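Welcome! Take a moment to look over the chain before reading on, and keep the viewer open so that you can find each residue as it comes up.

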Amino acid sequence: MKRRNVYIGMALIAIATAAVFTFLFLNQTKAVDSGLLKVLNSNGAPSYSSSITGDFSKPFAKPMDVTTNSSFTYVSDTKNNRVVAFDVGGNLLYSFGEEGTGKGQFKFPYGIATDDKGRVFVADLFNGNISIFNEKGKFIDYFAQKTLTDKKISTPAALRIIDKKVYITDIKTNKAYVFDLNGKLLLEVGKPGTKDGEFNAPNGITADDEGKIYVVDTGNQRVQIFDKTGKFVKIINGSKNGKGESIFVNPRGIGIDKRGIMYVVSNLTHLVYGFDKDGKKVFQFGSIGQNNGQFFLPNGLFVDQNDNVFITDTMNLRVQVFK
């Protein structure tokens, strides 16, 4: 009798074990999609979630940058000289802008960001201005137009709004700028060159919750970090202390998630790298191709409030979302 009970107990344990493993196997994909595996691995890479492709009657033509808020996703559709708006599910809503030099017109819409009022800011690399629109795409005004002219900011590229501050890079002046939302210049960072704190065609820009400023120094194949006063802190390029050979080839977009992981797009190698708070590379994802999770010249990168990572896949004419 005792032996029989032991056998029954062992059988029940085996059945329970099999059930647990079956449950885990069947729910593995769901765990990835929900971000559970990323939580379990504090430095884990995000997984492909979905793609935004826009209007089939007029598809994207070189989508360069992307931003989101609680209601909309906006994509700068550069060669079409417009901005395309989607709902949170990635469904096409409307577009605004056309080719030209006047109000509400673009020559090369690039960096894009939204503020807490729902306004949309668009940096035009060729027109040399930053336009402000309401959330439906109605032109409101130019941002800090006099200051941009006085400072000879003629090629604004990346644009981010973080904690009511507007962060801008300018390719021609080789500088980064920080404004308040009223257009007052707060900080000017960098100058042309290759030394610490100097830039060669800076591109992506962002800031962390401590106010540190991260600038993608594209021509120098690195990311430079500055404190909130603009003082140089360090270089990140995938090598020890940022002093060795860079792993980047034409770095572009940048973003930081709630874990403090910094994402950087390496445009010409079709990869995205992740770095921890110490600047150590902890993952990479992507490769050249057209499949989900692959890229062909990725450019812009935005991390939303839920740590979803949006990446413009320029030559594949889409935005890919990872979570």
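Leaving aside its neighbours within four places in sequence, which residues is Ser50 in contact with? The answer is Val319, Gln320 and Val321. Please keep in mind that this is a predicted model. With that said, here is a short tour, starting with the whole chain and then moving to single places.

**The chain as a whole**
- Four helices and 28 strands make up the count of these elements in the chain.
- The chain has 323 residues, and 52% of them count as buried.
- Among contacts with a separation of 6 or more, 43% are between residues 24 or more positions apart.

- You can find Ser50 in strand β1, which covers residues 48-52.
- Ser50 has a relative accessible area of 30%, so it counts as partly exposed, a class that runs between 20% and 50%.
- Lys323 is 273 residues away from Ser50 along the chain, yet their C-alpha atoms are separated by 9.3 Å.

**Ser131, a buried serine**
- Ser131 sits in strand β12, made of residues 129-133.
- Its relative accessible area is 0%, and Ser131 is therefore buried, since the cut-off for that is under 20%.
- Not counting residues up to four places away in sequence, Ser131 touches Val120, Phe121 and Val122, and also Phe139, Asp141 and Tyr142.

**A nonpolar patch on the surface**
- Three residues, Ile288, Phe296 and Met315, form a nonpolar surface patch.
- Together they have about 280 Å² of accessible area.
- Ile288 belongs to the loop that runs between β25 (281-285) and β26 (298-303).
- Why does Ile288 count as exposed? Its relative accessibility is 53%, and exposed means over 50%.

**A cavity inside**
- How many cavities of 30 Å³ or more are there? The count comes to one.
- The largest cavity has a volume of about 80 Å³.
- Its lining is made of 14 residues, and Asp65, Ala158, Arg160, Gly204 and Gly253 are the ones that lie nearest its centre.
- Strands β14 (156-162), β18 (202-207), β22 (251-256) and β26 each give two or more residues to this lining.

Definitions and conventions. Residues numbered from 1 in each chain as written. Predicted model: local features only at pLDDT ≥ 70, side-chain atom pairs only at ≥ 80, totals over all residues. Heavy atoms only, no water. Buried < 20%, exposed > 50% of the residue type's maximum accessible area, 1.4 Å probe, protein only. Contact = heavy atoms within 4.5 Å. Patch = residues over 30% accessible without salt bridge, like charges linked within 9 Å, V, L, I, M, F, W, Y side chains within 5 Å. Areas by Shrake-Rupley, 256 points an atom, 1.4 Å probe, with all protein chains shown as cover. Salt bridge = Lys/Arg side-chain N within 4 Å of Asp/Glu carboxyl O. 1 Å grid on protein atoms, 1.4 Å probe; cavity = no way out; pocket = protein on both sides within 12 Å on 5 of 7 lines; lining within 4 Å. Points joined across faces, edges and corners; volume = space filled by probe spheres on them.
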